[in-house]
Amino acid sequence: RFGLQYEMTHVRIDDAVIAGDDPWAVVQPVWYTANIYEGAAEYVRSLLPFSLGQRYVFALECYIAEMNNGGHTQFYSNSRGIVWRDALASCKVIGALEFADVLQQSADRVGGSPAMLRRERNRQLTELAADFSDSDDRCYKIQPSEDVDRRVMNFIRTHPSDFYFDDMVKLPVRPDS
């Protein structure tokens, strides 16, 4: 992806990783394995090795990353918009209900069910002239109060068996400096 070199790397998510405060360390294997580019069937197929909890945390981290980089328009117009249903479910499961409300509100502006294919979502965004300004503002205001990272880590710690991982994953290789 994007000109990076990748190599198979052993990744282990164990009690020590789960005890940390870094959701990224727990979701990394999913992040680099999930196929968000080729539609719903390939997305689901690529996530088969992972638990529903891993899938939810991955989706929520995608949503937050895109939101922080360009709001709901960026989230839905990019490939990561495919995760919107899982991100919504994740918000509900971890108790980030204000976030869930904002995400549902944004999905409603894309016809209530944003398409899984990027080109179709972009068509929906254009046809519906979706404006997310107030949703973006609301999301940025509630993000600190929802303390999503803390909620995610609490969810992970209360369901550790869903997050254990010990396998090879194709990860980007950092060029030697």
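Let's start with Leu-47. Leu-47 sits in the loop between helix 3 (40-46) and helix 4 (52-77). Keep in mind that this is a predicted model. Is Leu-47 buried or exposed? Its relative accessible area is 4%. The cut-off for buried is under 20%, so Leu-47 counts as buried. What does Leu-47 touch, beyond residues up to four places away in sequence? Val-30, Ala-34 and Arg-55. Now take Thr-33, 14 residues from Leu-47 along the chain. The C-alpha atoms of Leu-47 and Thr-33 are 7.4 Å apart.

Next, helix 6, residues 97-108. Twelve residues at 1.5 Å each should span 16 Å. The end C-alpha atoms are 16 Å apart, so expectation and model agree. Which residues of helix 6 are buried? Phe-99, Ala-100, Val-102, Leu-103, Ser-106 and Ala-107. Look down the helix axis: the buried residues of helix 6 fall within an arc of 165°, so they line one face.

Last, Arg-121. Arg-121 is in helix 7, residues 118-128. Arg-121 is buried, yet it has no salt bridge. How far away is the nearest side chain of opposite charge? That side chain is Glu-66, at 9.2 Å. A backbone atom does come within reach of a polar side-chain atom of Arg-121: the oxygen of Ala-115, at 3.0 Å. Ala-115 is also on the contact list of Arg-121, once neighbours within four places in sequence are set aside.

Key
Residues numbered from 1 in each chain as written. Predicted model: local features only at pLDDT ≥ 70, side-chain atom pairs only at ≥ 80, totals over all residues. Heavy atoms only, no water. Helix = DSSP H or I, 4+ residues; strand = E, 2+ residues; numbered from the N terminus. Buried < 20%, exposed > 50% of the residue type's maximum accessible area, 1.4 Å probe, protein only. Lys, Arg positive; Asp, Glu negative; His and termini not counted. Salt bridge = Lys/Arg side-chain N within 4 Å of Asp/Glu carboxyl O. Polar contact = N/O pair within 3.5 Å; in protein donor to acceptor, adjacent residues only side chain to side chain. Contact = heavy atoms within 4.5 Å. Expected span 1.5 Å × (residues − 1). Arc of directions from axis to C-beta.
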